[in-house]
Amino acid sequence: MKTIAILSGKGGAGKTTLAVHLGVAAEADGHTTAIIDLDPQASALTWKDNREKDTPVVVSAQASRLPQLLKAAEDSGADTVFIDTAPHSEATSLAAARNAELLLIPCRPAILDLHAIGATVEIARLANVPAIVILNAVPARSTLADEARTAIDTYDITTAPCQLGQRIAFVHSLTAGLTAQEYEPKGKAAKEIDTLYKYIAKQI
């Protein structure tokens with residue numbers, strides 16, 4: 001079973017957006033997918049409550065229950081699990097990182113977000129798990145992405161060659177319990193998720 005944890009010390013970075021979109025993308029690719037929501041705000045679980053489809057399974061839990069939940073997911077036939085974590089909780093992030101084989105760090109191309117990833121990079125190093133920064137909510141027709149990549153390089157960490165734009169389809173789809181690829185299959189947001197998923201699939 002492949003386990004991918006999504007970490008960020010800053011709220012609003014896009015952890016839940018990544019978790020549910022990649023979870024649905026993995027299902028479309030033929031995988032049995034589960035999402036474990038460790039954030040007390042339970043945003044992924046709220047998304048699932050608004051969703052008509054039964055899958056992917058979303059479970060809300062405390063970090064202390066993570067090993068048992070991962071075993072239960074594997075016993076139930078899941079072959080891919082995404083862990084959505086809480087911001088401002090290094091203990092939760094470290095627990096998730098230690099139970100994953102790949103970490104994704106969403107980051108908006110803004111100065112406060114770029115400063116905030118330093119602590120998350122340290123968690124990845126403590127857990128000794130490969131990590132990739134995903135640029136999220138990148139404005140169209142802007143040099144911010146290039147500037148952000150230059151800033152992230154100072155942390156000596158990989159940045160995904162693809163990115164997610166600042167697109168309304170991400171907002172509307174989550175509100176409806178959907179993902180961008182379901183809400184607007186031929187839209188730019190759906191294409192970005194597809195490209196990102198294929199890139200991540202090659203890393204694991």
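## Surface and overall dimensions

The protein chain of this predicted model exposes about 9,700 Å² (Shrake-Rupley method with a 1.4 Å probe), and carbon and sulfur atoms supply 52% of that area. Of its 204 residues, 52% count as buried, a term that denotes under 20% relative accessible area (1.4 Å probe, protein chains only).

The C-alpha atoms fill a box of roughly 45 × 40 × 30 Å along the principal axes.

The chain holds 9 helices and 7 strands, defined as DSSP runs (helices H or I, at least four residues; strands E, at least two) and numbered from the N terminus. In strand β6 (residues 131–135), 5 of the 5 residues are buried, so the strand is largely enclosed by the rest of the structure. Ala131, Val133 and Leu135 point one way, while Ile132 and Ile134 point the other way.

β6 pairs in the parallel sense with strand β5 (residues 102–107) over 5 bridges; pairing requires at least two DSSP bridges. Leu104 has Ile132 as its bridge partner in β6. Helix α5 (residues 111–127) carries the chain from β5 to β6 in a right-handed β-α-β crossover, that is, clockwise from the first strand over the helix to the second with the strands pointing away from the viewer.

## Basis of the values

Residues are numbered from 1 along each chain as its sequence is written, and side-chain values use heavy atoms, without hydrogens and water. Local features need pLDDT of at least 70 and side-chain atom pairs count only at pLDDT 80 or more, whereas totals for chains, interfaces and linings use all residues.

Terms used: Buried means under 20% relative accessible area, exposed over 50%, partly exposed in between (1.4 Å probe, protein chains only).
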